[in-house]
Amino acid sequence: MRNLKDGIRSLVKIDFYGNVHKYFRGTDKEERFANEIRVLKALEERGCDYVPRYIDSDDSELHLTTTNCGSPAPDISQKKTDKIFHDLEVNFGVRHDDPFSRNITYDPNEGRFCVIDFELATLLDMPQQDPDPS
């Protein structure tokens, strides 16, 4: 596996198949690990298609495996970044508590921006959908 990030809060690697492997470390690692899994599963249930998909996890190693959402998008504008995080909260009930461009990727296969790193996110109630006008 190839290292993508080796920081004080996590080690992130990508495998031969393109899946992302995140090993949690540092303060509150157990809580951050559990929260990221909980939020990713909720987003999948709520139909959000611009976040990684949960594949597997290992509690003993604090190891999370997800799908890949492309590459960092360092040139994304602040306006676009703000809109993506706003839409995530309004449409899917997740407030990302680290709403910066470092947590936005671009997936060329899907042709869209994606949001990553939900260890510091807050899961809110699912927003009410507008009733069908017909």
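Two strands are said to pair if DSSP finds at least two bridges between them, strands (E, at least two residues) and helices (H or I, at least four) being DSSP runs numbered from the N terminus. By that criterion, strands β3 (residues 20–24) and β5 (residues 63–66) run antiparallel and are joined by four bridges. This is a predicted model, in which local features need pLDDT of at least 70 and side-chain atom pairs count only at pLDDT 80 or more, whereas totals for chains, interfaces and linings use all residues. Residues are numbered from 1 along each chain as its sequence is written, and side-chain values use heavy atoms, with hydrogens and water left out.

**Sheet and helix**
- Five strands make up an open sheet, ordered β1-β2-β3-β5-β4, with antiparallel pairing.
- Because β1 (2–6) and β4 (54–58) stand at the edges with a single partner strand each, one side of each is left without a neighbour in the sheet.
- Within the pairing of β3 and β5, Lys22 stands opposite Leu64 in β5.
- Helix α1 (residues 29–45) packs on the sheet and touches β3, β4 and β5 (contact means heavy atoms within 4.5 Å).

**Cysteines**
- Zero disulfides, meaning pairs of cysteine sulfur atoms within 2.5 Å, are found in a search of the whole structure.
- The closest cysteine sulfur to that of Cys48 is in Cys114, and at 8.7 Å it is too far for a bond.
- Cys69 is also in no disulfide, the nearest cysteine sulfur, that of Cys114, being 4.2 Å away.
- Cys48 is buried, with a relative accessible area of 0%, and Cys69 is buried at 6%, where buried means under 20% relative accessible area (1.4 Å probe, protein chains only).

Technical notes
Buried means under 20% relative accessible area, exposed over 50%, partly exposed in between (1.4 Å probe, protein chains only). Axes are lines fitted to C-alpha atoms, for helices over the stretch in contact, and angles run from 0 to 180 degrees between N-to-C directions.
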